[in-house]
Amino acid sequence: MDQSVDHSTKTATAERRSLPAWVVVLAFAALIAFLALIGVGLRRVQAGPIVIGQQVPDFSMTSFDGQTHHLSDFKGKVVVLNFWASWCAPCSQEAAELEEAWRNYQPGGEVIFLGVDYTDTEPEALSYLAKFDITYPNGPDLRTRISQMFRITGVPETYFIDQEGKLAYVKKGPFTSLAEIQAVVDGLLQ
Amino acid sequence: MRDKLDTFSIKSFRYFALALLLAASLLGIFSNRASAQDPQPPSDDQVNAVAKELYCPVCENIPLDVCPTQACAQWRELIRLKLSQGWSEDQIRSYFAEQYGDRVLAAPPLQGFNWVFYVLLGVFVVIAVVVYIRVVRNLKAKPAAADAATVKPVEQDDYFKRMEEELNRREKSR
């Protein structure tokens, strides 16, 4: 009687151990890799945007004229970082004001304006810059790295970075007047 | 005299054939040159064939060939421009990925971290195949085991017979 019980237990155990060890190992490795992948994705999603007062990580932008600009090069200056696109109608509403503000601040050398062209085509972008006679450095957001870093939600969006390289102010949507831009920049210069 | 005439006609035919061949070659060369100077602009079908493999960078999961926004229209024009400049589809895809990121591609390229997706996909397929084979084998083995059980009724009968006898014996002893 005991022998038969013993035999059935062994058979059950053998059936349970039927999967080869390498399959089990592979399955667990795949599961861990998959969980790690989800973890990395969640971390990225939950990282959130750069908040006011936070140090802005360094980035570089190659302008349409081929010059490379690093944020770290502008330490000690106020940086006005404007995201725009030629296909964006509200962007054209503020283009003239931004250029006017740049021309006001350029002689002082305390403020730098940078235009980041978001998911645009170069011919249209250059036409846009020519149309509004924009003279401050503008360049494409290659692989949308800069916009992803700031987690922009659309265009136009403008980020003001203070002299210490910290994010000071964010404007979502177009500026309605030159005074609006000046109010923010002057506040940072004081 | 007749032989001379025959020889002359054969020779003149050869010269004529040679001249014809030369003229045809020159015509071919010049016609190619003419078409190179005045290339046909890429058709909408050619543009859309490339565009459908790319996704709008600012919309949600919309292929570029059916995207109605102004931005997409600009990108389609960019594809047309690149095609007219002699760029291949792969070159255009690479250019778009370089400009707007890999998210514009229909499938992530086989590079960097993207390998994980392809490797994991392969691993899952292998695991699924192994599990499927094992399940099918088990399903086939069960009826065989059942058959084997029915093949040995004598052993079972003998066992039950002894059980019956034992039970009867115990009942009688009460």
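How many residue pairs are in polar contact between chain B and chain A? The count is 8, with both residues of each pair at pLDDT 80 or more; the legends below tour this predicted model.

**View 1. The interface between chain B and chain A.** Here 26 residues of chain B are in contact with 25 residues of chain A, contact being heavy atoms within 4.5 Å. Together the two chains bury about 2200 Å², 66% of it on carbon and sulfur atoms; this is the accessible area (1.4 Å probe) lost on putting the two parts together, summed over both.

**View 2. A salt bridge between the chains.** Asp102(B) pairs with Arg143(A), and their closest N and O atoms lie 2.6 Å apart. The count of salt bridges between chain B and chain A is 2 (a side-chain nitrogen of Lys or Arg within 4 Å of a carboxyl oxygen of Asp or Glu). The polar contacts counted above are pairs of N or O atoms within 3.5 Å; within protein, one must be able to donate a hydrogen and the other to accept it, and residues adjacent in sequence count only if both atoms are side-chain atoms.

View 3. Chain B as a whole averages 79, with 70% of its residues scoring at least 70.

**Notes.** Residues are numbered from 1 along each chain as its sequence is written, and chains are lettered from A and ligands numbered from 1 in the order in which they are written. Local features need pLDDT of at least 70, side-chain atom pairs count only at pLDDT 80 or more, and totals for chains, interfaces and linings use all residues, while side-chain values use heavy atoms, leaving out hydrogens and water.

Definitions and conventions:
pLDDT is the predictor's confidence in each residue, from 0 to 100.
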